[in-house]
Amino acid sequence: MVGCYGKLPEEKVFKDPVHRYIHVRDELIWALVGTREFQRLRRIRQLGTTYLTFHGAEHTRFNHSLGVYEIMRRMLDNFEESDTWDARERLICLASALLHDVGHGPFSHSFEKVFHMDHEAWTRQIILGDTEIHRVLAGVDDQFAQDVADVIDKTYPNKLVVSLISSQIDADRMDYLQRDAFYTGVSYGHFDMERILRVMRPTEDQAVIKLSGMHAVEDYIMSRYQMYWQVYFHPVTRSAEVILSRILHRAKKLYHDGYQFQDEPKHFYSLFHGSMTLSDYLKLDESVIMFYFQIWQEETDPILSDLCQRFLDRRLFKYVECDPSTQMNHWLELRDLFVQAEIDPEYYFIIDSSSDLPYDFYRPGEEEERLPIHLLMPGGEFRELSRESDVVEAISGKKRTDHKLYFPLDLLEDDRTHADTKKKILTLLMSQEG
Amino acid sequence: MLQDHAKLLTLIRQAGEVVGRKKLQKLVYIAKKMNLPIYERYQFHIYGPYSEELTLRIEEMCNLGFLHEQQEAKSNYIQYRYSLSEEGDKFLSMAPYERPKHQELIETLNEQSAKFLELVSTVLYFEELSKAEVKEKVFTLKRKQNYTDEDVERAYDFIEEIRTGNKGA
């Protein structure tokens with residue numbers, strides 16, 4: 001028993017397409033899964049707008065969170081063969097893995113950008129605030145919820161525990177790479193996780209990989225690299241994100257300008273005011289957001305209505321590759337032409353940078369800001385992965401940034417108004433790719 | 001258009017040259033905590049608050065030629081130096097955005113050592129805790145940096161100074 005929690009009388013399992021089965025033996029984990037804040041994750045997609053590009057990508061934060069928990073459980077089982085883990089520390093690892101994303105909201109990425117929010121701060125509030133999750137965690141002991149929050153916040157004193165959930169080879173990434181590959185249907189993203197787990201060895205600050213497992217880790221790094229460009233950076237998904245964030249900007253602006261919405265967007269008020277409470281936040285999920293997008297299609301504001309129709313009907317913006325270092329002059333000219341054509345550039349002429357996207361690449365040690373992946377050499381010393389692996393070294397040095405210019409081709413091709421200006425815009429846009 | 005890029009470029013122009021990636025990370029974080037309109041997201045890492053978004057943005061601006069990145073081999077690591085290039089300057093002169101006026105704050109931050117900025121940013125990260133709790137966090141999480149009680153007090157004084165100096169900026 002740890003606090004008031006022991007083992008379940010019978011193991012529970014969730015059938016899972018990625019890990020086959022997710023095994024739950026601890027009463028604490030079972031109780032956490034049943035809380036309303038955790039169940040809310042069923043209504044938040046893991047990959048936001050990616051379903052508009054890869055129609056299978058409808059999986060949710062709920063699936064992913066269970067997957068991260070399962071990988072953590074397997075890691076700990078493997079470690080226990082060589083190491084003894086304190087029962088409380090083990091539960092901290094499992095609970096942190098399960099709850100690491102509990103603060104994500106609907107379309108988190110766009111919401112965080114537009115309203116300057118941070119899902120990690122919400123995760124902390126959910127764990128420490130007046131919630132079912134907090135009451136379940138408090139059943140272990142008074143300090144337990146704080147410890148789980150600290151692990152997720154990466155400020156927990158035991159660095160090994162933190163690194164299992166958040167490092168360059170952790171339970172979180174190992175689940176989302178495989179899960180996102182499975183649900184999008186792409187053939188990248190696969191690697192031999194069982195092998196990686198078998199060659200992982202716990203040390204004081206992080207888990208390291210036995211040299212014999214290097215090739216399995218190379219595969220993991222390669223799949224991360226490919227998923228980045230083929231799925232996470234997909235230009236169509238980025239187009240949908242651009243429209244989504246413009247909808248949010250427009251709705252916020254209209255509200256502050258005193259616009260009378262046909263149906264009051266009550267769920268958004270505290271967001272618009274920057275005074276969102278935990279209770280308001282927990283009421284937001286994707287079904288609520290999609291409801292508003294549905295009714296905003298009928299709004300009298302032509303921009304809000306058009307953007308919502310585009311998002312729901314998947315009439316997305318087209319794009320051209322662009323280079324800010326040589327094309328800034330053209331952009332200023334293009335902006336003026338958009339204004340002349342009565343197409344508001346604030347909403348219809350958008351430059352999107354890869355650095356606006358949330359996914360990360362493998363980085364070898366750079367003044368040690370982030371712990372790199374270390375290999376455990378036969379003599380017992382550690383070596384950074386890219387120093388041993390030619391494959392990893394080759395992709396670590398690649399240029400990893402790009403810029404795209406998004407615009408509504410259909411509006412520009414409509415020559416009933418401002419035909420000459422639009423023609424000029426199209427000529428300039430097509431010259432961007434050079 | 002690329003306003004977040006323009007803000008960072010302005011900040012680096014105000015600093016002149018920033019030596020070290022760690023220093024750049026902490027300088028931007030502290031500036032953000034002093035209410036400069038910087039929206040890169042930070043998380044706590046080994047050396048305190050760290051932003052992957054900032055790392056990627058800087059990499060992007062180096063690829064675009066807006067920033068000079070010079071590498072210097074030190075005994076067991078590589079040190080990076082960042083400064084604005086002519087292209088970066090040209091970009092800034094055309095970018096339509098409101099330039100924040102925080103030259104003095106940025107210069108003051110850039111005069112400090114990376115190790116001290118690491119401590120200041122860590123104190124700011126935990127600023128909602130009591131001073132005693134912050135000290136405990138610093139001494140536990142930053143064990144290897146060997147910060148003393150006086151160092152932490154100095155960090156608090158420094159924060160007070162820049163907050164006061166920053167008022168109404």
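In the predicted model, Glu112(A) is found in helix 5 of chain A. This residue is buried, since its relative accessible area is 10%. The side chain of Glu112(A) makes a polar contact with the side chain of His119(A), at 2.9 Å. When neighbours within four places in sequence are left aside, Glu112(A) is in contact with Met117(A), Asp118(A), His119(A) and, on the other chain, Arg41(B).

Two of the residues in that list are themselves paired. The side chains of Asp118(A) and Arg41(B) meet in a salt bridge, with an N to O distance of 2.7 Å. Arg41(B) counts as partly exposed because its relative accessibility is 22%. Arg41(B) also takes part in a salt bridge within chain B, where Glu53(B) is its partner and the closest N and O atoms are 3.9 Å apart. This second pair links distant parts of the chain, with Glu53(B) in helix 3 of chain B and Arg41(B) in the loop between helix 2 and strand 2 of chain B, 12 residues apart.

Glu53(B) in turn forms a salt bridge with Lys113(A), the N to O distance being 3.7 Å. Lys113(A) lies in helix 5 (residues 108-115) of chain A and Glu53(B) in helix 3 of chain B, so this pair joins two chains.

In total, 41 residues of chain B are in contact with 48 residues of chain A. About 3800 Å² is buried between chain B and chain A, and 54% of this area is on carbon and sulfur atoms. Six salt bridges are found across the interface of chain B and chain A. Six residue pairs in polar contact, both residues at pLDDT 80 or more, are likewise found across this interface. On the side of chain B that touches chain A, at least two residues each are supplied by helix 2 (21-33), strand 2 (43-45), helix 3 (52-63), strand 5 (78-84), helix 4 (86-94) and helix 7 (131-141) of chain B. Helix 3 of chain B provides the largest share, eight residues. By class, the side of chain B that touches chain A comprises 20 nonpolar, nine polar and 12 charged residues.

Helix 1 of chain B was examined for its length and its burial. This helix has 13 residues (residues 3-15), which at 1.5 Å a residue should span 18 Å; its end C-alpha atoms are 18 Å apart, in agreement with that expectation. Helix 1 of chain B is mostly covered, 10 of its 13 residues being buried. The buried residues of helix 1 of chain B include the charged Lys7(B), together with His5(B), Ala6(B), Leu8(B), Leu9(B), Thr10(B), Leu11(B), Ile12(B), Gln14(B) and Ala15(B). Just after helix 1 of chain B, Gly16(B) takes a positive phi of about 90°.

Over all chains, the count of salt bridges comes to 54. Within chain A, a network of salt bridges links Glu11(A), Arg25(A), Glu70(A), Arg73(A), Arg74(A), Asp77(A) and Glu194(A). A further salt bridge is formed by Arg416(A) and Asp414(A), whose closest N and O atoms are 2.8 Å apart. Arg416(A) is exposed because its relative accessible area is 71%, whereas Asp414(A), with a relative accessible area of 23%, is partly exposed.

Ser431(A) is found in helix 23 (residues 419-432) of chain A. The side chain of Ser431(A) reaches the backbone oxygen of Leu428(A) at 2.6 Å. Ser431(A) and Val320(A) are 111 residues apart in sequence, and their C-alpha atoms are 9.2 Å apart in space.

Notes: Residues are numbered from 1 along each chain as its sequence is written. Chains are lettered from A and ligands numbered from 1 in the order in which they are written. This is a predicted model: local features need pLDDT of at least 70, side-chain atom pairs count only at pLDDT 80 or more; totals for chains, interfaces and linings use all residues. Side-chain values use heavy atoms; hydrogens and water are left out. Contact means heavy atoms within 4.5 Å. Buried area is the accessible area (1.4 Å probe) that two parts lose on being put together, summed over both. A salt bridge is a side-chain nitrogen of Lys or Arg within 4 Å of a carboxyl oxygen of Asp or Glu. A polar contact is a pair of N or O atoms within 3.5 Å; within protein, one must be able to donate a hydrogen and the other to accept it, and residues adjacent in sequence count only if both atoms are side-chain atoms. Helices (H or I, at least four residues) and strands (E, at least two) are DSSP runs, numbered from the N terminus. The expected span of a helix is 1.5 Å times one less than its number of residues. Buried means under 20% relative accessible area, exposed over 50%, partly exposed in between (1.4 Å probe, protein chains only).
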